[in-house]
Amino acid sequence: MKISKYKGYTIVTVAVLVVTIIFGVAMFGSIAGAKPQQLPVALIVLDEGVTMPDGSNYNAGTTIAEQLQANAQLPFKWQHMTSEEELQLQFDNQEVYGAIVLPKELSANLLSLATPTPQQAVMKAFYNEGMNSQATSVIKQVMNNVIVVMNGQLSQKLLDQVSKQNGGVIPATIATELISPIELKEQIVHPIGERQAMGNAPGLLTQMLWISNLITAAALFFLLRKFNTTIIHPLKNRVEQATIGLILPIVSSALMIWMASSWYGMELVSSVETWVWLTIVSYSFFYMQSALLNWIGLPAMGLLVLLMFFSMPVMNLAPQFLSDTTVTYLYNWTPLRIATSSIREVLYFGGLQFNTNTAITIITIAVVSLVLLITSSVIVERKNNVKQVMM
């Protein structure tokens, strides 16, 4: 009796340790060393430069661009573009997280600061917030630090130049203008809106959809399984599951949208379009979960729960924050992350679209999973035939 008791304690202890390790790896392993690197940022140099009295050409935009690109400490991967129209297209296609634009009058305005009629020099910064709020926050912080350093260097050079021109005397009005030679004008593109959990709303909605559909799929699986050999034919059983799966997501998605907007004040560009897409994502989740349950059985529940916990840390992170291993073996293929990206497109990038890569992937998952759910009836048929032969 005592030996049996000790074995039981040992099994429980080992089980707790194993579960702790698994969930520790799931929640921390993929993001423990997360840091931004190679963030795609556009760089547009429009500065036309100025011809100096001695015939030389002064182009502050080119100089600043070279300094930015030479700074290896910046976690950016520069994308060179020629116009703000091209930049907007890149923003819409989620190709870049931000941009730096050096206007055509940058050099002229900088030199005017040392004259009686100064014009403020401006550098533009754009942040594609809807693409990923964490990434754009990093870019914003880095650019504000860069502009402080850059202003310090330019200010000293301009002050020295004015001092030489005026015999060591710097007029107070000019000195004031030269303290911050360049003003950083910031603009947010595809804003996330109000009450969006700091841009994490797509991931939260995805988790809610996954859990609600997993509960539904499991309940229907256990409820209908006992009828599959007596009252209901296996194929009819699967068709019934699929039919219920068409109805319930419509209701649950509508309830979720109503709760998010009415209870918590989440700002939605289009409640109807968001509801339609959440329903489609629900279909992909429900049919995938139901197919796995019917093909594998009860162990599928453990796999689906583990998949959720492994996916949660990376759902709202940009891939540039993750290691290559995490991106290859988790980020690129997990359906929860793909669903999060598709919901992000609906919320922040123009509403309901069916021609994007993520949208096509979600619809494909739904269709393939539905086929697998229906064909799982073949397994039950074979098992029933084997039982009849043995009897």
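**Questions about a predicted model**

Student: Let's start with Ala359: is this residue buried or exposed?
Tutor: The relative accessible area of Ala359 is 1%. Buried means under 20%, exposed over 50% and partly exposed in between, using a 1.4 Å probe and protein chains only. Ala359 therefore counts as buried.

Student: Before we go on, what kind of model is this?
Tutor: Residues are numbered from 1 along each chain as its sequence is written, and side-chain values use heavy atoms, with hydrogens and water left out. Local features need pLDDT of at least 70 and side-chain atom pairs count only at pLDDT 80 or more, while totals for chains, interfaces and linings use all residues, since the model is predicted.

Student: How do H12 and H13 pack: roughly parallel or oblique?
Tutor: Helix H12 (residues 335-348) and helix H13 (residues 357-375) have axes 9 Å apart and an angle of about 130°. Axes are lines fitted to C-alpha atoms over the stretch in contact, and angles run from 0 to 180 degrees between N-to-C directions. Under 35 degrees is roughly parallel, over 145 roughly antiparallel, 65 to 115 roughly perpendicular and the rest oblique. So H12 relative to H13 is oblique.

Student: How many salt bridges does the structure hold?
Tutor: A salt bridge is a side-chain nitrogen of Lys or Arg within 4 Å of a carboxyl oxygen of Asp or Glu. The number of salt bridges is one.

Student: Are the two partners buried or partly exposed?
Tutor: Lys124 has a relative accessible area of 28%. Glu84 has 30%. Lys124 and Glu84 are therefore both partly exposed.

Student: Which helix gives the largest share of the nonpolar surface patch?
Tutor: Leu246, Ile247, Ile250, Val251, Val272 and Trp275 make a patch of about 530 Å². Patches take residues with over 30% relative accessible area and no salt bridge, joining nonpolar side chains (Val, Leu, Ile, Met, Phe, Trp, Tyr) within 5 Å and like charges within 9 Å; areas come from the Shrake-Rupley method with a 1.4 Å probe, only the protein chains shown counting as cover for residues. Helix H8 (234-263) and helix H9 (271-296) each supply at least two of the residues. The largest share, four residues, comes from H8.

Student: What is the phi of Met198 near?
Tutor: Most residues other than glycine have a negative phi. Met198 sits in the loop between strand E7 (182-189) and helix H7 (201-225), and is exposed at 73% relative accessible area. Its phi is positive, near 55°.

Student: And what is the phi of Gln94 near?
Tutor: Gln94 lies in the loop between helix H3 (84-92) and strand E5 (98-102). At 23% relative accessibility, Gln94 is partly exposed. Its phi is also a positive value, near 60°.
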